Amino acid sequence: MSFPDTLTTFDADDFEQLTVVRDPESGIRSAVAIHDTTMGPSLGGVRMRAYPSLDDAVRDAMALARAMTYKSALAGLELGGGKSVIDAEPTPANKAAFLPVYARHVASLGGRYVPGADMGTDASDMEVLAKDVPVVSSRRDPSPFTARGVLRAIGATLERAGHDGLAGRRVAVQGLGKVGSSLAGMLRAAGAEVLVADVDDDRVRAARDTAGAVAVPVGEILAADVDVLCPCAAGGVLTPVVLDALRARAIVPGANNPLADPALAVTLAGRGVDYVPDFVANAGGVIVCEAEVLGGGPGLDDEIAGKIRAIGATAVRILDDADRRGTDTVTVAHELARARLAARAAARPAFPALV
Ligand SMILES: NC(=O)c1ccc[n+]([C@@H]2O[C@H](COP(=O)([O-])OP(=O)(O)OC[C@H]3O[C@@H](n4cnc5c(N)ncnc54)[C@H](O)[C@@H]3O)[C@@H](O)[C@H]2O)c1
């Protein structure tokens with residue numbers, strides 16, 4: 001058997017488990033990265049996209065898995081962090097060929113990783129996986145809950161800055177997909193003035209017609225003169241060039257990993273911009289996934305609502321701590337998550353699994 005790709009050495013010291021499958025018969029190349037299961041079974045989406053190389057695919061899975069550990073720990077969930085990738089375009093033909101093989105890859109992990117929808121996959125793909133994988137998440141779309149969490153973080157950030165809620169505040173939303181379109185509607189309902197941009201004109205029209213949003217050219221949204229900027233499209237959009245032109249007073253992302261380089265959080269702190277880390281603001285989706293896979297009694301909806309409300313309080317705590325210590329919010333959020341993991345580690349058996 002010969003493999004066309006070689007894997008280089010990864011900086012994986014903090015990872016519990018990394019499995020890569022290359023099956024010559026189907027042609028699949030998939031990776032599952034389990035970062036940390038201190039808090040519970042690792043949960044994270046299945047990203048399906050064609051990567052430049054297998055190395056890039058594995059690296060993406062690892063970075064996203066690590067962020068899931070922090071996200072779930074900061075949201076107070078009984079979940080660890082994991083993520084997986086299938087290195088292929090998300091076409092119907094590729095899904096038909098690869099998802100059953102990928103399902104067996106996940107099933108071989110014995111419940112230590114719970115897959116969910118991510119870029120390139122959706123609820124219908126989770127139904128395919130469910131034939132072989134005992135526990136899957138995202139069988140209902142978590143995006144409206146993600147948007148609700150981002151809304152809480154925006155409201156709390158504005159109140160902390162001395163504003164009386166969202167009414168009359170200006171908020172820019174980049175990307176009107178599942179999260180951004182929900183968020184734009186919620187912001188308008190709360191009385192905010194909402195500026196939007198998307199590369200898809202139909203989505204912009206829909207936001208203008210149904211949510212009363214104001215359309216802004218795609219190239220201008222990140223530099224809009226607003227109280228809060230919400231990147232809700234791809235990751236990596238906040239580059240040094242974008243930050244030079246930034247006029248927003250705060251950034252509250254729906255998108256994962258919006259900073260092109262995590263060190264840019266220091267730049268934002270230096271400029272006095274309130275930056276709520278993405279893995280704090282966009283945790284609403286994983287909160288509802290926890291409820292989906294761990295279940296609960298009649299009070300479950302209240303529990304979900306409480307955890308989503310708590311996103312606002314966590315955002316304020318992190319902004320306050322960063323100000324007090326003269327550091328950036330990503331550093332503070334990572335430290336807080338690590339402290340929670342350390343406190344739990346002593347009291348929890350290694351390798352919890354859902355079977
Ligand atoms: N869906 C969730 O529950 C969830 C949870 C956590 C994080 N996220 C993150 O939030 C982001 C959005 O997720 P989604 O589910 O809404 O995705 P989506 O694919 O439904 O929407 C993305 C939108 O961004 C638009 N877009 C792409 N490039 C753009 C650009 N340069 N300028 C303006 N618009 C652009 C697309 O046309 C699309 O409408 C992603 O980064 C995702 O990883 C989503």
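**Exercise 1. How many bridges join strand β6 (residues 170-174) to β7, and which way do the two strands run?**

Before we start: this is a predicted model, where local features need pLDDT of at least 70, side-chain atom pairs count only at pLDDT 80 or more, and totals for chains, interfaces and linings use all residues. Residues are numbered from 1 along each chain as its sequence is written, and side-chain values use heavy atoms, with hydrogens and water left out.

Step 1. Helices (H or I, at least four residues) and strands (E, at least two) are DSSP runs, numbered from the N terminus. Two strands pair if DSSP finds at least two bridges between them.

Step 2. Now look at β6 and β7: five bridges join them, and they run parallel. One spot to check is Arg 170, which stands opposite Glu 193 in β7.

Step 3. How covered is β7? Four of the five residues in β7 (residues 193-197) are buried; buried means under 20% relative accessible area, exposed over 50%, and partly exposed in between (1.4 Å probe, protein chains only).

**Exercise 2. Work out the strand order of the open sheet of six strands.**

Step 1. Start at β8 (residues 214-215): two bridges join it to β7, and the two run parallel. Leu 195 has Val 214 in β8 as its bridge partner. Here too there is a right-handed β-α-β unit, made of β7, helix α6 (residues 201-211) and β8.

Step 2. On to β9 (residues 228-231), which four bridges join to β6, again in parallel. Two partners to find in β9 are Leu 229 for Ala 172 and Cys 230 for Val 173.

Step 3. β9 also pairs with β10 (residues 250-251) in the parallel sense, over two bridges, and Val 228 has Ala 250 in β10 as its bridge partner. Between β9 and β10 the chain goes through helix α7 (residues 240-245), and this β-α-β crossover is right-handed.

Step 4. Put together, the order is β8-β7-β6-β9-β10-β11, with parallel pairing. β8 and β11 (274-275) stand at the edges with a single partner strand each, so one side of each is left without a neighbour in the sheet.

**Exercise 3. Find what lines the largest cavity.**

Step 1. On a 1 Å grid over the protein atoms alone, a cavity is a set of points where a 1.4 Å probe fits but cannot get out, while a pocket is an open set with protein on both sides within 12 Å along at least five of seven lines; lining residues have an atom within 4 Å of a point. Grid points are joined across faces, edges and corners, and a volume is the space filled by probe spheres set on the points.

Step 2. The structure holds one cavity of 30 Å³ or more, and about 40 Å³ of space lies in the largest cavity.

Step 3. Its lining includes Lys 71, Lys 83, Asn 257 and Asp 278. Helix α1 (54-74) gives the largest share of that lining, four residues.

Conventions:
Right-handed = clockwise from strand over helix to strand, strands pointing away.
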